[in-house]
Amino acid sequence: MNSKEYKRAQSMVLMDKYNLARTEFFKQLAELASRHFEYDGMTVDTYNGENLNVVITISVKKVKQSLKPSV
């Protein structure tokens with residue numbers, strides 16, 4: 001479990017890097033994943049060093065067929 005300080009820092013990084021509030025970032029990420037996958041769960045971790053690294057892990061049950069390529 002992440003501490004309050006970690007979650008606050010993560011929210012600040014998301015806002016600075018993507019100009020999105022934490023809830024909006026995760027909402028858009030879930031919508032993107034739902035368009036392409038049927039999935040059981042998703043985790044998102046951020047690491048801040050020289051660059052911001054966002055690591056997204058998705059437990060995929062099925063990849064959805066796409067009718068047209070994504071842009």
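The secondary structure of this chain, in a predicted model, comes to two helices and two strands, where helices (H or I, at least four residues) and strands (E, at least two) are DSSP runs numbered from the N terminus. Along the sequence these elements follow the pattern α-α-β-β. Because the model is predicted, local features need pLDDT of at least 70 and side-chain atom pairs count only at pLDDT 80 or more, while totals for chains, interfaces and linings use all residues. Residues are numbered from 1 along each chain as its sequence is written, and side-chain values use heavy atoms, with hydrogens and water left out.

Of the 71 residues of the chain, 14% count as buried, a term that means under 20% relative accessible area, as against exposed at over 50% and partly exposed in between, with a 1.4 Å probe and protein chains only. The accessible surface comes to about 6,000 Å², of which 52% belongs to carbon and sulfur atoms; such areas come from the Shrake-Rupley method with a 1.4 Å probe, and for residues only the protein chains shown count as cover.

Helix α1 spans residues 4-18 and reaches 21 Å from its first C-alpha to its last, close to the 21 Å expected at 1.5 Å a residue, the expected span being 1.5 Å times one less than the number of residues. In α1, Gln10, Val13 and Leu14 are buried. They cover an arc of only 100° around the axis, which puts them on the same side of α1, the arc being that of the directions from the helix axis to the C-beta atoms. On the other side of α1, Lys4, Glu5, Arg8 and Asp16 are exposed. Just after this helix, Asn19 takes a positive phi of about 55°.

Helix α2, residues 22-36, also has its buried positions, namely Phe25, Leu29 and Ala33. Seen down the axis of α2, these buried residues fall within an arc of 60°, so they line one face of the helix. The face of α2 turned away from that buried side carries the exposed residues Thr23 and Arg35.

The largest nonpolar core is made up of five residues, Leu14, Leu20, Phe25, Leu29 and Val44, a nonpolar core being a set of buried Ala, Val, Leu, Ile, Met, Phe, Trp, Tyr and Cys residues joined through side-chain atoms within 4.5 Å. Leaving aside residues up to four places away in sequence, Leu20 touches Leu14, Met15, Phe25 and Gln28, with contact meaning heavy atoms within 4.5 Å. In soluble globular proteins, nonpolar side chains tend to be buried together.
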